[in-house]
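Have the picture open and follow along.

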Amino acid sequence: MVGGKSEWRELGLPMEGTGPFRYVAGQVLKPVAACGLDATAGDVREMLRSSPVCVVVNDHGVVQGRVRPKDLPAEDDTSVSDFMQLGPATVQRREELSGLVQRMQNKGVRTILVTTPKGELLGMIDRSDAERFLAEAPTRDA
Amino acid sequence: MMPTDIGVDEAQRLLQEEGAVLIEVLPREEYEEEHIAGADSIPLKKLTADAVRAIDRDRPVIVYCDDDL
């Protein structure tokens, strides 16, 4: 079945199991700067003043790439498609939070993008936010 | 019968109208944590001829994992 368990869950259809889990969705999911494929380095540089990362999406909001400050070229007129990092790791919002944080810690990842099952950008998880959330409220749902 | 890709809408129809069998092929622990209501578990690594022999072949069989992959 195309879309699998993830899409079924996203659509709110009946699930069973030993949950509940503390999911990525909720208080630790936050907005992230995003631009289209027609953006330039100058556009992205401006966005990165208020966000640790700028996500590049297509016309359907599907994640195409990611830019961090270190990826920016010197020339402001360079197209984002020339310097964005392709295929950034993403997770879905119903991913269990503590397991995700553990994996991020193991790999030294500080932020990760959250998408729908179709790859549409929903936001970002900052590991430090998630760690704080789990430490402060170990039993509540995210 | 050849396998066919279907979406969630068609899966729901097959379940409701034709009594389809729903099989999750993810590892057993993932199935136990969360699975589509009514699904059975046959982890991919255990998906052998013996494992599927008990499945009712007169009903549609829907196999799924976590996403499109």
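Which residue takes a positive phi in the hairpin of strand 4 of chain A and strand 5 of chain A? Keep that question in mind as you read on. One thing to know before we start: this is a predicted model.

## A hairpin in chain A

The answer is Gly61(A), with a positive phi near 80°. The hairpin has 5 residues between its two strands. Strand 4 covers residues 54-57 of chain A, and 4 bridges tie it to strand 5 of chain A, with the two running antiparallel. To find one of these pairings, look for Cys54(A), whose bridge partner in strand 5 of chain A is Val67(A).

## Strand 5 and its other neighbor

Strand 5 of chain A, residues 63-67, is mostly covered, as 4 of its 5 residues are buried. Strand 5 of chain A is also joined to strand 6 of chain A (residues 85-86) by 2 bridges, and these strands run antiparallel.

## A second hairpin

Now move along chain A to strand 8 (residues 111-115), which is linked to strand 9 of chain A by 5 bridges in an antiparallel arrangement. These two strands form a hairpin with 5 residues between them, and Gly119(A) in the turn has a positive phi of about 90°.

Strand 9 of chain A, residues 121-126, is also joined by 2 bridges to strand 2 of chain A (residues 29-30), again antiparallel. Met124(A) in strand 9 is a handy landmark: Met124(A) is the bridge partner of Leu113(A), and Lys30(A) stands opposite Met124(A) too.

## Where the two chains meet

How many residues of chain B are in contact with chain A? There are 19 of them, and they touch 16 residues of chain A. On the chain B side, the elements giving two or more residues are helix 1 (8-18), helix 2 (28-33), strand 2 (35-36) and strand 4 (61-64). Strand 4 of chain B gives the most, with 3 residues. By type, this side of chain B divides into 9 nonpolar, 8 charged and 2 polar residues.

Strand pairing crosses between the chains as well: strand 1 of chain A (residues 15-16) runs antiparallel to strand 2 of chain B, and 2 bridges join them. To see this in the picture, find Glu16(A), which stands opposite His35(B) in strand 2 of chain B.

Terms used: Residues are numbered from 1 along each chain as its sequence is written. Chains are lettered from A and ligands numbered from 1 in the order in which they are written. This is a predicted model: local features need pLDDT of at least 70, side-chain atom pairs count only at pLDDT 80 or more; totals for chains, interfaces and linings use all residues. Two residues are in contact if their C-beta atoms, placed from the backbone, lie within 7 Å. Ala, Val, Leu, Ile, Met, Phe, Trp, Tyr, Cys and Pro count as nonpolar, Asp, Glu, Lys and Arg as charged, and the others, Gly among them, as polar. Two strands pair if DSSP finds at least two bridges between them. A residue is buried if 20 or more other C-beta atoms lie within 10 Å of its own, exposed if 12 or fewer, and partly exposed in between; C-beta atoms are placed from the backbone.
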